[in-house]
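Please examine the sequence and the structure shown here before reading on.

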Amino acid sequence: MSAQYPRFACATLITTPDYVIGGLVLGFSVKRSRWPHETVALVTPDIGRADRERLARVWDRVIEVGQIGNPSRAAEWGLASFRTVYTKLRLWELTDYTKLVFIDADAVVLGGLDDLLERPRFAAAPCVTAPDQFNSGVIVLEPSLETFADMMSRRGELPSYDGSDQGFLNSYFRDWYAGPPEHRLPLAYNVPRLLAYYRPAWTRLNGQIKVLHYFGPRKPWAGRSSLRGRVLQWLIARITSLTMDRPTPADIWWELHGELEDFLRTDEQVGAPASSPAREF
Ligand SMILES: [Mn+2]
């Protein structure tokens with residue numbers, strides 16, 4: 001069912017309970033960036049009612065979607081989180097919307113995203129570890145049931161170089177690197193936190209970062225002051241001579257987390273009507 005046009009939204013996806021806190025901080029950061037359109041959090045059946053209620057405080061709509069299995073035998077990669085990542089393809093089913101800006105729940109928005117809506121039907125930023133591939137943590141897309149059905153039918157056949165949705169989507173949108181430039185977003189729209197270790201890159205981007213992405217196995221919500229974390233930080237600094245300026249990406253996440261907690265403590269749902277019809281779970 002297609003709704004009135006144009007209709008835009010910023011969307012995320014939460015498939016495991018440990019990402020709920022990430023989704024909350026992200027949703028709060030989108031609100032704080034004064035995104036003028038709707039916001040949608042997709043959740044799988046594994047996300048409980050209390051978590052959905054909390055997500056609905058910062059996301060306009062919380063919509064349950066069925067999980068899509070990973071055909072890449074993700075277990076072999078040793079990453080449990082890869083089990084559910086193909087569920088991201090459900091974005092193409094959201095045909096209520098003309099265009100979506102999707103952001104991973106392990107990211108935060110630090111700048112305005114409106115410019116993204118000028119982009120064509122698929123756009124993404126480079127992956128810094130494989131710059132001729134895009135990172136699927138931030139994508140601009142146009143929902144289409146035809147595209148969704150096509151993706152589902154080719155899910156088992158198209159290769160995924162990393163065993164996740166990212167590899168699959170890179171196979172599916174294989175012209176991203178060599179094709180027209182409007183499909184390639186500037187890195188500022190998907191800055192990996194590890195860039196903070198490389199001062200020239202970080203300095204160049206600092207102040208202009210639109211989306212900061214905490215990709216990698218250790219998420220900021222796992223804790224900022226564990227002994228292990230501090231020893232690791234110290235070792236990295238010793239071995240590589242790389243040190244991070246303050247605020248570090250972790251500082252930035254925890255600052256937003258603090259603001260989110262203040263926001264959730266208030267009784268009023270700022271920016272949302274008292275009788276919000278947006279509970280779809
Ligand atoms: Mn991510």
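Helix H7, residues 249–265, has 17 residues and reaches 25 Å from its first C-alpha to its last, close to the 24 Å expected at 1.5 Å a residue; the expected span is 1.5 Å times one less than the number of residues. Helices (H or I, at least four residues) and strands (E, at least two) are DSSP runs, numbered from the N terminus. This is a predicted model, in which local features need pLDDT of at least 70 and side-chain atom pairs count only at pLDDT 80 or more, while totals for chains, interfaces and linings use all residues. Residues are numbered from 1 along each chain as its sequence is written.

The buried residues of H7 are Pro249, Ala250, Ile252, Trp253, Leu256 and Leu260. They cover an arc of only 155 degrees around the axis, which puts them on the same side of H7; the arc is that of the directions from the helix axis to the C-beta atoms. An α-helix has 3.6 residues a turn, so residues three or four places apart point the same way. On the other side of H7, Gly258, Glu261, Asp262 and Arg265 are exposed. A residue counts as buried if 20 or more other C-beta atoms lie within 10 Å of its own, as exposed if 12 or fewer do, and as partly exposed in between, with C-beta atoms placed from the backbone. The cover over the buried residues of H7 includes helix H1 (20–32), strand E5 (107–109) and strand E9 (211–213).

What lies in the interior? The largest nonpolar core has 66 residues, and those with the most contacts inside it include Leu55, Phe102 and Val138. Such a core is a set of buried Ala, Val, Leu, Ile, Met, Phe, Trp, Tyr and Cys residues joined through C-beta atoms within 7 Å. Leaving aside neighbours within four places in sequence, Val138 is in contact with residues including Phe102, Ile103, Ala107 and Val211; contact means that the C-beta atoms, placed from the backbone, lie within 7 Å.

E5 and E9 also belong to an open sheet of three strands, in the order E5-E9-E8, with mixed pairing. E5 and strand E8 (191–192) stand at the edges, each with a single partner strand, so one side of each is left without a neighbour in the sheet. Two strands pair if DSSP finds at least two bridges between them; E5 and E9 pair in the antiparallel sense over three bridges. Val109 stands opposite Val211 in E9.

Technical notes
Contact = placed C-beta atoms within 7 Å.
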